[in-house]
There are 2 protein chains.
Amino acid sequence: MDARHLTLLRELAERGSVAAVAAATHRTPSAVSQQLRTASRDLGVPLVEPDGRGVRLTGAGRLLAQGAADVETALADVQARLDSYRGRAVGTVGVAALPSAAAYLLPRATLTLAAQGIDVRLTDADLPESGYAPLTADHDLVIGHSLTGDTLRGSGHLVRTVLAREPIDVALPADHPLAGRDRLRPDDLAGQPWVSVPEGFPFAEILRAVELHTGRPARRVQELTDNTLVAAFVAAGHGLGLLPRYATGLPDRLVLRPLVGVPARRWIVALARPDRARRVVVRRVLEELLAAAP
Amino acid sequence: MDARHLTLLRELAERGSVAAVAAATHRTPSAVSQQLRTASRDLGVPLVEPDGRGVRLTGAGRLLAQGAADVETALADVQARLDSYRGRAVGTVGVAALPSAAAYLLPRATLTLAAQGIDVRLTDADLPESGYAPLTADHDLVIGHSLTGDTLRGSGHLVRTVLAREPIDVALPADHPLAGRDRLRPDDLAGQPWVSVPEGFPFAEILRAVELHTGRPARRVQELTDNTLVAAFVAAGHGLGLLPRYATGLPDRLVLRPLVGVPARRWIVALARPDRARRVVVRRVLEELLAAAP
DNA sequence: GTTTCTTACGGGTTTCGTAAACATA
DNA sequence: TATGTTTACGAAACCCGTAAGAAAC
């Protein structure tokens, strides 16, 4: 029972093809194929079977891929204890994050961490809620958002950490008739045009809730993902928008008003594979993110 | 972090010398020494330091050796799940056992298991209580005995299974004056000569308890470990003896009488390293041993 | 025809044993 | 001197990339 073979199977289970595993591990498909063959010989079980042009894990292969997580977690635990013992935890942590949260969570934290020798490599990813979990294959930490409770879709086997609970406000031009209100209820918004987001993004569900509450469909004049773009369209008078309260860099002509009467908040959640979550540097980054959260 | 390096360090922690590790893993000391060097280079920490003619683990080395147990247990768990999945668990299980318990626990069980393709390789070991735990390095299961509760000395990090709780009786010749009693109290035994066992063996503590109870020292005419030998000496009239109740092959001229008034029983305990205890075949052997216990 | 995987085949690295050197009791 | 570990060096094993072949869309 070789731990490297288990890791290989887990990669294959996650990525689905020999070529993808090869690319992710900086090897050729040939090498991966040969390792699968020797693993199968060592274990005495067929691990993959042809499936169309590609391959598919057998039952035994899936079983072993699942077991790999425990082994890798145990190994990461040992590494973490060694790093703690030596006192100095330095290195690189790969973080993928949705931009609107990264903007207020990461700039300060990254400076603090860099001073301690921890290099945070950030990748921004503006995705539907279900898109964040798969990124954990390629990043140590993935910061996503979710409206449905404090969980995040497809993250069952991952370590989850809630970083913030952020209200979602209605954005509108400063000279809009509704801008005078302290807060807005769904009924106030009936008949308004919206600069919304595509299906699958958390904010889309809030607008749906408003529709359900008022009984009238909302008119979506645009469906955009970039909050800065949404803000620019709203400021220009195209319609109302939904923006997270801690968003930065909004135009002066824009105001945010709390939305009450429907659940209007998102959870900012950090995801990580169990083995990666054990690394000392990853835990340090998480601590700093929690400290940076409002 | 290579699992093989961790295993190497655990072996070294258990066996104490490069030569012993080499012998146990069927390699030369040269190979072991070189692996230690590469492990140290990979991990970036000194793992061993000279100590007299031999070596000693550094703090980091000990830390990693401890961590190896978790990794190996996780690996053994995966192997066990695979074996269960495939349905057929066959193979060899190495068992070390104290002879007096093995005599009634193993002969039947070994036949049953052999019929299922499980080969039990038995080694007998008549040792002081503290001698059994170290045997787990070389045997999958170690069956020892203990008087002090249901535990066994030095077995803190091992998996323990109580197989039986066996009364220790007084053995005496059939024509001995005390042979007429149904049961014997410590006061009945004051002044009798004894065929005893060396210090450290569980039965020695029972005789000590008798001495404490009566206030008079017992006279030890022999100190022997082999129960058959003890029985022969007792039958020949050299003195009284202490024998486990389920002992087999006793001479006809010998009778056993329960000893009451002092704790007179031993626990038969199976020990195993956590990773070995996970193996499906090892669990099967344990089940069979529990079934064979009185 | 393109994509994906697998199979020779050759080169580079790793691993291990023999033999010698080294250190300590 | 005897014991235990490490180093030098060569052979075997292993790992991986290139190139060619096979199967599916």
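Student: Before we start, how are the residues and chains labelled, and what does the model count?

Tutor: Residues are numbered from 1 along each chain as its sequence is written, while chains are lettered from A and ligands numbered from 1 in the order in which they are written. The model is predicted, and local features need pLDDT of at least 70, side-chain atom pairs count only at pLDDT 80 or more, and totals for chains, interfaces and linings use all residues.

Student: Okay, which residues come nearest to DNA strand C?

Tutor: There are 22 residues around DNA strand C, and those that come nearest are A:Ser17, A:Ala19, A:Ser33, B:Ala31 and B:Gly52; a residue is near a strand if its C-beta atom, placed from the backbone, lies within 6 Å of it.

Student: And which element gives the most to that surface near DNA strand C?

Tutor: That is H3(A), with six residues, where helices (H or I, at least four residues) and strands (E, at least two) are DSSP runs numbered from the N terminus. Elements that each supply at least two residues there include helix H2 (18-24) and strand S2 (54-57) of chain A, and also helix H3 (29-43) of chain B.

Student: What's the surface near DNA strand C like by class?

Tutor: It has seven nonpolar, eleven polar and four charged residues, with Ala, Val, Leu, Ile, Met, Phe, Trp, Tyr, Cys and Pro counted as nonpolar, Asp, Glu, Lys and Arg as charged, and the others, Gly among them, as polar.

Student: New topic: how many residues does each chain put into the contact of chain A with chain B?

Tutor: The contact takes 21 residues from chain A and 21 residues from chain B, and two residues are in contact if their C-beta atoms, placed from the backbone, lie within 7 Å. On the side of chain A that touches chain B, H4(A) gives the most, with 16 residues, and that side divides into 14 nonpolar, three polar and four charged residues.

Student: Last one, what are the domains of chain A?

Tutor: The domain assignment, which is automatic or from a database, gives domain 1 (3-82) and domain 2 (90-294) in chain A. Their centres, taken over C-alpha atoms, are separated by 34 Å, and the contact takes ten residues from domain 1 and seven residues from domain 2.

Student: Which helix supplies the largest share on the domain 1 side?

Tutor: H4(A) does, with eight residues of the side of domain 1 that touches domain 2.
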